[in-house]
Amino acid sequence: MNREKALGIVQKQLTERRYLHTVGVMETSIQLAQLYKVDEEKAVLAAIFHDYAKFRDKEEMRRIILDQSMPQDLLAHHDELWHAPVGAYLVETEVGLTDKDVLEAIKCHTSGKINMTPLDKVLYVADYIEPSRDFPGVEQVRETAKTSLDIAVIQAMKNTISYLLTRNQPVYPDTFHAYNDMTMRVRGRKLT
Ligand code: DGI
Ligand code: FE
Ligand code: FE
């Protein structure tokens with residue numbers, strides 16, 4: 001599927017602001033894919049469709065999580081987590097996208113997971129640092145992403161977990177597993 005067609009499909013699912021975020025994630029993903037030798041076409045498709053389900057009705061998402069035998073512990077956690085796995089499912093069933101690598105990147109884009117592929121990491125970091133993002137600490141992650149995709153993933157995960165802790169929010173297990181996995185992999189390298 002070409003970019004224009006994909007963007008047209010996703011635009012109908014999103015607000016103007018979220019669509020601009022999506023275009024930002026796409027542009028950032030292209031830069032990261034080139035820098036880290038990741039398949040650019042897959043990175044573009046993952047970026048375009050990553051927030052496809054962001055505005056789906058919560059009850060519809062809950063039903064999909066139940067009916068499609070997704071991890072049921074998602075239902076006990078914040079509904080903000082649901083649009084990633086539900087999005088991967090809907091992009092496959094409604095849009096007809098079949099690339100497993102792309103669907104997997106969409107599925108884990110909010111929490112992360114163990115054994116993330118370079119494609120998963122490109123989407124995760126691009127989603128965090130695209131130009132319209134304004135989180136505390138985002139500038140540091142933007143700088144890091146120029147030299148280490150792995151350290152950028154860890155910094156973004158640290159910031160997200162810290163943010164959740166300061167708000168007394170539960171942290172989804174995959175988020176911790178992803179952080180632990182990445183941190184152990186780069187053990188011995190300097191973390192700031
Ligand atoms: O969809 P986006 O806003 O572009 O970004 P995203 O898919 O990374 O979602 C970010 C939101 O998800 C943010 O409000 C923090 C939240 N989040 C990420 N990991 C966890 C989480 N929320 C909870 N409760 N637990 C998590 O582990
Ligand atoms: Fe998202
Ligand atoms: Fe996003």
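Leaving aside its neighbours within four places in sequence, which residues is histidine 109 in contact with? The contacts of histidine 109 (contact means heavy atoms within 4.5 Å) are His50, Asp51, His83, Ala84, Leu123, Tyr124 and Asp127.

This is a predicted model, in which local features need pLDDT of at least 70, side-chain atom pairs count only at pLDDT 80 or more, and totals for chains, interfaces and linings use all residues. Residues are numbered from 1 along each chain as its sequence is written, chains are lettered from A and ligands numbered from 1 in the order in which they are written, and side-chain values use heavy atoms, with hydrogens and water left out.

**The iron site**

Histidine 109 sits in the loop between helix 6 (100–107) and helix 7 (118–129). Helices here are DSSP runs (H or I, at least four residues), numbered from the N terminus. Histidine 109 is buried, at 3% relative accessible area. Buried means under 20% relative accessible area, exposed over 50%, and partly exposed in between, with a 1.4 Å probe and protein chains only.

The iron ion (ligand 2) has three kinds of entry in its donor list: Asp51 (OD), His83 (NE2) and His109 (NE2), lying 2.1 to 2.2 Å from the ion. Donors are N, O and S atoms within 2.8 Å of the metal (3.2 Å for Na, K and Ca); water is not among the atoms, so sites may look incomplete. The spacing of the donor residues in sequence is D-x31-H-x25-H. Aspartate 51 lies in the loop between helix 3 (40–49) and helix 4 (58–67), and histidine 83 in helix 5 (residues 83–95), so this pair ties together parts that are 32 residues apart in sequence.

Aspartate 51 also coordinates the iron ion (ligand 3), and the two iron ions are 3.6 Å apart. Aspartate 51 is buried at 2% relative accessibility. Histidine 83 is buried at 4%. The side chains of histidine 109 and histidine 83 make a polar contact at 3.1 Å. A polar contact is a pair of N or O atoms within 3.5 Å; within protein, one must be able to donate a hydrogen and the other to accept it, and residues adjacent in sequence count only if both atoms are side-chain atoms.

**Helix 6**

Which residues of helix 6 are buried? They are Val102, Leu103, Ala105 and Ile106. These residues cover an arc of only 160° around the axis, which puts them on the same side of helix 6. The arc is that of the directions from the helix axis to the C-beta atoms. The buried residues of helix 6 pack against helix 3, helix 5 and helix 7. At the start of helix 6, a side-chain oxygen of aspartate 99 comes to within 2.9 Å of the backbone nitrogen of aspartate 101.

**Salt bridges**

The whole structure holds 18 salt bridges. A salt bridge is a side-chain nitrogen of Lys or Arg within 4 Å of a carboxyl oxygen of Asp or Glu. Three of them are tabulated here.

| Pair | N to O distance |
|---|---|
| Arginine 56 and glutamate 60 | 3.0 Å |
| Lysine 113 and aspartate 120 | 3.9 Å |
| Lysine 146 and glutamate 143 | 2.7 Å |

Arginine 56 is buried at 14% relative accessible area, whereas glutamate 60 is partly exposed at 32%. Aspartate 120 is buried, at 2%. Glutamate 143 is partly exposed at 44%, and lysine 146 is exposed at 51%. Arg3, Glu40 and Glu41 are linked in a salt-bridge network.

Valine 171 lies in the loop between helix 9 (149–166) and helix 10 (173–185). Buried or exposed? Valine 171 is buried, at 12% relative accessibility. Not counting residues up to four places away in sequence, valine 171 touches His77, Ile161, Leu164, Leu165 and Phe176. The C-alpha atoms of valine 171 and histidine 78 are separated by 8.9 Å, although the two are 93 residues apart along the chain.

How many residues surround ligand 1? There are 19, and the closest are Arg18, Lys54, Thr110, Arg133 and Thr175. A residue counts as near if one of its heavy atoms lies within 4 Å of the molecule. An oxygen atom of ligand 1 is 2.8 Å from an N or O atom in the side chain of arginine 18. For lysine 54, a polar side-chain atom lies 2.6 Å from an oxygen atom of ligand 1. A polar backbone atom of proline 170 is 3.4 Å from a nitrogen atom of ligand 1.

Methods. Helix = DSSP H or I, 4+ residues; strand = E, 2+ residues; numbered from the N terminus.
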